[in-house]
Amino acid sequence: MLKKTDASDLQVAEPDSARPDPRDSFFAVRDIHAYYGESYIVQGISLDLNEGEILALLGRNGAGKTSTLRTIARVDDPQLRTGEIWLGGESLHDKQSYQAAQLGVQLVPEDRRIIGGLTVEENLMLSQVAEPLGWELERIYEHFPRLAERRAQMGTTLSGGEQQMLAVARALARDVKLLLLDEPYEGLAPVIVQEIEKIVRQIKELGITTIIVEQNAVAALKLADKAVIVDMGEVVYSGIAQDVLNDEDLRNEYLAI
């Protein structure tokens with residue numbers, strides 16, 4: 001893995017073998033390799049997070065960001081072939097998606113996956129049909145007052161920003177330990193982006209560890225503690241989020257901003 005130390009000097013970071021035992025970290029990914037069929041997409045990504053931290057996972061379109069989130073969430077595609085994923089000392093790499101969810105991994109996908117034919121409240125209630133449970137409905141409505149106002153409205157008729165709120169709230173209705181947000185700001189007006197940012201800050205204050213994949217890199221970096229930049233499925237930078245904001249050359253090279 002490469003760790004960029006300044007605009008002109010890339011150095012090789014410690015090899016994974018020199019790192020602490022991943023089971024000692026709250027969340028750790030070690031050298032994961034994942035494929036769509038025979039297409040090699042995620043190429044040896046590693047990262048670590050402490051409990052309550054926010055990570056901005058950045059890169060250009062097609063860099064492998066969403067595929068990395070999906071691999072962590074243990075969905076069927078892409079297929080993880082080698083590598084380890086640990087959360088709170090529990091292995092995820094040998095689990096299926098429903099088992100990862102039971103252990104506290106919640107993915108909010110880019111398309112939000114609001115269930116048609118169900119109201120806002122029914123979408124939330126459906127996420128709580130099985131243990132372990134997270135926030136109760138009234139707590140959700142306290143943090144998402146707009147959803148409270150629309151609890152009887154069909155979920156698919158909400159605005160884009162409201163659907164994003166519902167998707168996040170539905171994840172919080174589970175016992176979430178690791179929240180994965182895939183393009184939470186996509187297609188939203190600036191005023192709605194600010195509302196989503198406020199929600200993510202509240203989530204951080206509650207100690208929920210979060211990974212954000214977002215094309216609006218500056219917005220994500222302002223929220224994040226750490227940043228990882230991927231290019232062609234590989235990590236090209238791993239470090240402090242503020243350092244990326246301060247490094248114009250790095251942003252131009254890998255983020256085109």
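A salt bridge here is a side-chain nitrogen of Lys or Arg within 4 Å of a carboxyl oxygen of Asp or Glu, and buried means under 20% relative accessible area, with exposed over 50% and partly exposed in between (1.4 Å probe, protein chains only). The model is predicted, and local features need pLDDT of at least 70, side-chain atom pairs count only at pLDDT 80 or more, and totals for chains, interfaces and linings use all residues. Residues are numbered from 1 along each chain as its sequence is written, and side-chain values use heavy atoms, with hydrogens and water left out.

**Glu197**
- Leaving aside residues up to four places away in sequence, Glu197 touches Tyr185, Ala219 and Leu223, where contact means heavy atoms within 4.5 Å.

**Aromatic rings**
- One aromatic pair is found in a search of the whole structure, and this pair, Tyr35 and Tyr40, is stacked, at 4.7 Å centre to centre and 10 degrees between the planes.
- Rings of Phe, Tyr and Trp (its six-membered ring) pair if their centres lie within 6.5 Å, and planes under 30 degrees apart count as stacked, over 60 as edge-to-face and the rest as tilted.
- Tyr35 is buried, with a relative accessible area of 18%, whereas Tyr40 is partly exposed, at 33%.

**Helix α6**
- Helices (H or I, at least four residues) and strands (E, at least two) are DSSP runs, numbered from the N terminus; of the 13 residues of α6, 12 are buried.
- The buried residues of α6 pack against several elements, including β8 (105–108), β9 (178–182) and α7.
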